[in-house]
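Trainee: I have the model open and would like to go through it by side chains. Can we start with the aromatics?

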Amino acid sequence: MMKLSRSLGNVLTRFALNHTAASTQSVQSIHTALSLKCEHHNKEDSAELPADDIQEKRELTEKDRKLILKDRTKVIPVETSIRYLNSSAYKQTYGEQFVWEQYRRNHKGPFPPRQTRKTCIRQGVISTGNPCPICRDEYLVLDHRNIELLKQFISPQTGQVLSYTKTGLCQKKHLQLLVAVERARDYGLLTFDVPYREFDYSEYAQKSQA
């Protein structure tokens with residue numbers, strides 16, 4: 001009886017081993033067939049694609065597009081900026097508000113720093129995720145001839161240039177704004193009020209001889 005049970009056990013183990021080997025071979029053949037079919041279909045799909053579609057797939061990636069949007073090496077003429085302020089694209093973007101009204105600074109903590117960043121553009125590319133109102137729109141050019149843009153940064157009550165803490169301009173653009181406003185006033189393109197001063201003319205009058 002012991003011999004019969006041992007022989008039956010050996011037969012069963014051999015059968016199980018053969019069955020597992022056959023199943024692994026079949027699984028491997030199925031996987032290889034599927035991979036071959038996928039490769040075959042991919043080759044057929046790439047062969048069926050026209051040349052225009054292949055060229056579109058090889059076009060600029062997302063990073064390249066972002067770099068193009070951040071590029072500021074192109075010089076925009078002042079005449080183009082003046083026409084942009086009167087266009088429908090400007091009205092659709094800003095509406096009836098000033099270009100700096102909807103801008104919010106990004107800073108650490110609840111209190112903003114006293115000064116804004118030095119510049120938003122480094123080596124011809126925007127180097128920050130939240131550029132100032134002038135740097136983010138390349139068609140806003142600060143020039144003494146662009147009067148409509150300069151008026152947005154001048155207080156109607158005092159006639160002085162608004163502070164960068166209110167407009168959010170970087171230090172470089174704020175300095176360009178000050179220069180453009182002074183030039184416009186020198187050329188007579190911007191009107192400004194001269195403060196009235198009272199003089200005591202008795203100090204300058206000749207005293208009568210006694």
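**Aromatics, core and charges**

Trainee: What is the relative accessible area of Phe 98?

Mentor: Phe 98 comes out at 35%, which puts the residue in the partly exposed class. Keep in mind that this is a predicted model.

Trainee: And Trp 100, buried or exposed?

Mentor: Buried, with a relative accessible area of 10%.

Trainee: How many aromatic pairs are there overall?

Mentor: The count comes to five. In one of them, the ring centres of Phe 98 and Trp 100 are 5.9 Å apart and the planes sit at 35°, so the pair is tilted. For Phe 199 and Tyr 201 the centres are 6.4 Å apart and the planes are at 50°, so that pair is tilted as well.

Trainee: Are Phe 199 and Tyr 201 buried or exposed?

Mentor: Both Phe 199 and Tyr 201 are exposed.

Trainee: Which residues form the aromatic cluster?

Mentor: Four tyrosines: Tyr 84, Tyr 90, Tyr 94 and Tyr 139. Two of these names, Tyr 90 and Tyr 94, return among the contacts of Val 99.

Trainee: Let's step back for a moment. What does the secondary structure come to?

Mentor: The protein chain has eight helices and two strands. Starting from the N terminus, the order is α-α-α-α-α-β-β-α-α-α.

Trainee: And what share of the chain is buried?

Mentor: Of the 210 residues, 24% are buried. The chain exposes about 17,100 Å², and carbon and sulfur atoms supply 55% of that area. Among contacts with a separation of 6 or more, 66% come from residues 24 or more positions apart.

Trainee: On to the core. Which members of the largest nonpolar core touch the most other members?

Mentor: This core has 25 residues, and the ones touching the most other members are Val 99, Ile 134, Leu 140, Leu 149, Leu 150 and Phe 153. Helices α4 (78–85), α5 (88–94), α6 (147–151) and α8 (171–186) are the elements that give two or more residues to the core. The largest share, four residues, is from α8. In soluble globular proteins, nonpolar side chains tend to be buried together.

Trainee: Where is Val 99 placed?

Mentor: In the loop between α5 and β1 (121–122). Val 99 is buried, with a relative accessible area of 1%.

Trainee: What does Val 99 touch beyond four places in sequence?

Mentor: Tyr 90, Tyr 94, Pro 133, Arg 136, Leu 140, Leu 149, Gln 152 and Phe 153.

Trainee: Which residues does Ile 134 contact, leaving aside neighbours within four places?

Mentor: Leu 140, Leu 142, Leu 149, Phe 153, Leu 169 and Lys 173.

Trainee: A lysine in that list. Where is Lys 173 found?

Mentor: Lys 173 is in helix α8. The residue is buried yet has no salt bridge, and the nearest side chain of opposite charge, Glu 138, is 11 Å away.

Trainee: What does Lys 173 touch, then?

Mentor: Not counting residues up to four places away, Lys 173 touches Cys 132, Ile 134, Cys 135 and Leu 142.

Trainee: Now the charged pairs. How many salt bridges are there?

Mentor: Three. One joins the side chains of Glu 79 and Arg 145, at 3.9 Å from N to O. Glu 79 lies in helix α4 and Arg 145 in the loop between β2 (125–126) and α6, so the pair ties together parts 66 residues apart in sequence.

Trainee: What else does Arg 145 bridge to?

Mentor: Asp 143, at 3.0 Å from N to O.

Trainee: Which residue forms a salt bridge with Arg 185?

Mentor: Glu 182, with the closest N and O atoms 3.8 Å apart. Arg 185 and Glu 182 are three residues apart in helix α8, so about one helical turn separates them. Arg 185 counts as buried at 17% relative accessibility, whereas Glu 182 counts as partly exposed at 43%.

Conventions:
Residues are numbered from 1 along each chain as its sequence is written. This is a predicted model: local features need pLDDT of at least 70, side-chain atom pairs count only at pLDDT 80 or more; totals for chains, interfaces and linings use all residues. Side-chain values use heavy atoms; hydrogens and water are left out. A nonpolar core is a set of buried Ala, Val, Leu, Ile, Met, Phe, Trp, Tyr and Cys residues joined through side-chain atoms within 4.5 Å. Buried means under 20% relative accessible area, exposed over 50%, partly exposed in between (1.4 Å probe, protein chains only). Contact means heavy atoms within 4.5 Å. Lys and Arg count as positive and Asp and Glu as negative; His and the chain ends are not counted. A salt bridge is a side-chain nitrogen of Lys or Arg within 4 Å of a carboxyl oxygen of Asp or Glu. Accessible areas come from the Shrake-Rupley method with a 1.4 Å probe; for residues, only the protein chains shown count as cover. Rings of Phe, Tyr and Trp (its six-membered ring) pair if their centres lie within 6.5 Å; planes under 30 degrees apart count as stacked, over 60 as edge-to-face and the rest as tilted.
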